[in-house]
Amino acid sequence: MKNKDKILNILADALDVNVSDLSDDKRLREDLKADSLKEIKAFMAIEDSFDIEIEEEDALAIKTVGDVIEILQKYF
Amino acid sequence: MIVFTCLNYKKQYNDSISYAQDCVERYCTILRMSSNTLNTKLKNPRVLKDKLGKPYVEDGSLYLSISHTSSSLIKGDDNVIAVAISNEAVGIDIEIPHRIDYQKIAKRYFSEKEIKSISSILDFFVLWTKKEAYYKALSNQENKIAATLDVSENKNFGTYYIYDNIVLSLYSNDKNIYFYV
């Protein structure tokens, strides 16, 4: 997947976890302990890095690391 | 309403639902003890999660809301949880104020009125937790990001500070609030 490594690094930094913790099936809230603010920070960091704007419905649909990678593909 | 909080809850509980279940049982015990007649038939309802991950009490007899956060900024421990239980719809959120580009986030998600009400990073976290608490209390808001819900006109909030540096906001029509820390 395009840009996957970069997205994972941004996600790990925003959620304060190791990249190695970010398997596709990991849920942002339950498994990675992301609260709403950490999620917003992660999405905004990704937006800034790739100069994109994530639509609200896409942000709401993201529940797992796999969702982040898959759903954001349409922006590249 | 009773609000239960616990520092480093992961040492004692497998997950937030386990802790919430314990809180419901304590809430029911308190209700039994405070009622005029001892209702031995009152059972402890189960705490479950719906398809959206929102916790609820199985028999619908109570409302509950859960919030947890983890950070090295929490004194002495790294995770904290808060559970609010009431016989009316309730939402709770906790956050640890920390350095963040809050103006950028506020500009993206908050209303003009809300932005004007923020004059410090603490104001931002108070407002953020109110929005999250509001979102959690209203079960029909699945199609909205919590941050976009305008809370500037709403009065059913209470904001408190627990464990020195954690902001806790509640949203409910239930104005009788007791803390079990």
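**Entry 1: confidence**

What pLDDT does chain B average, and what share of its residues score at least 70? I looked this up before anything else, as the model is predicted. Chain B averages a pLDDT of 86, and 88% of its residues score at least 70. I then turned to chain A. Its mean pLDDT is 90, with 97% of the residues at 70 or more. I also went through the elements of chain A. Helix α3 (residues 56-61) of chain A has the lowest mean pLDDT, 86. Helix α4 (residues 65-72) of chain A has the highest, 94. For the complex, I noted an ipTM of 0.77 and a pTM of 0.85 from the predictor.

**Entry 2: the interface**

How many residues does each chain bring to the contact? I find 21 from chain B and 16 from chain A. Next I took the area. About 1600 Å² is buried between chain B and chain A. Carbon and sulfur atoms give 56% of that area.

I then listed polar contacts across the interface. The rule finds 6 residue pairs between chain B and chain A, with both residues at pLDDT 80 or more. Which elements of chain B give two or more residues to the side that touches chain A? I get β4 (63-70), α2 (102-109) and α4 (121-137) of chain B. I sorted that side of chain B by class as well. I have 7 nonpolar, 6 polar and 8 charged residues there.

**Entry 3: salt bridges**

I searched the whole structure and got 11 salt bridges over all chains. Between chain B and chain A the count is 2. I wrote down one of them, A:Glu47 with B:Arg108. Their side chains meet at 2.5 Å, N to O. The cut-off I worked with is 4 Å, so this pair qualifies. Where do the two partners sit? A:Glu47 is in helix α2 (residues 36-50) of chain A, and B:Arg108 is in helix α2 of chain B.

B:Phe110 lies in the loop between α2 and α3 (112-117) of chain B, and B:Trp128 lies in helix α4 of chain B, so the pair ties together parts 18 residues apart in sequence. Helix α4 of chain B was already in my notes, as one of the elements on the side that touches chain A.

How values were computed
Residues are numbered from 1 along each chain as its sequence is written. Chains are lettered from A and ligands numbered from 1 in the order in which they are written. Side-chain values use heavy atoms; hydrogens and water are left out. pLDDT is the predictor's confidence in each residue, from 0 to 100. Contact means heavy atoms within 4.5 Å. Buried area is the accessible area (1.4 Å probe) that two parts lose on being put together, summed over both. A polar contact is a pair of N or O atoms within 3.5 Å; within protein, one must be able to donate a hydrogen and the other to accept it, and residues adjacent in sequence count only if both atoms are side-chain atoms. Helices (H or I, at least four residues) and strands (E, at least two) are DSSP runs, numbered from the N terminus. Ala, Val, Leu, Ile, Met, Phe, Trp, Tyr, Cys and Pro count as nonpolar, Asp, Glu, Lys and Arg as charged, and the others, Gly among them, as polar.
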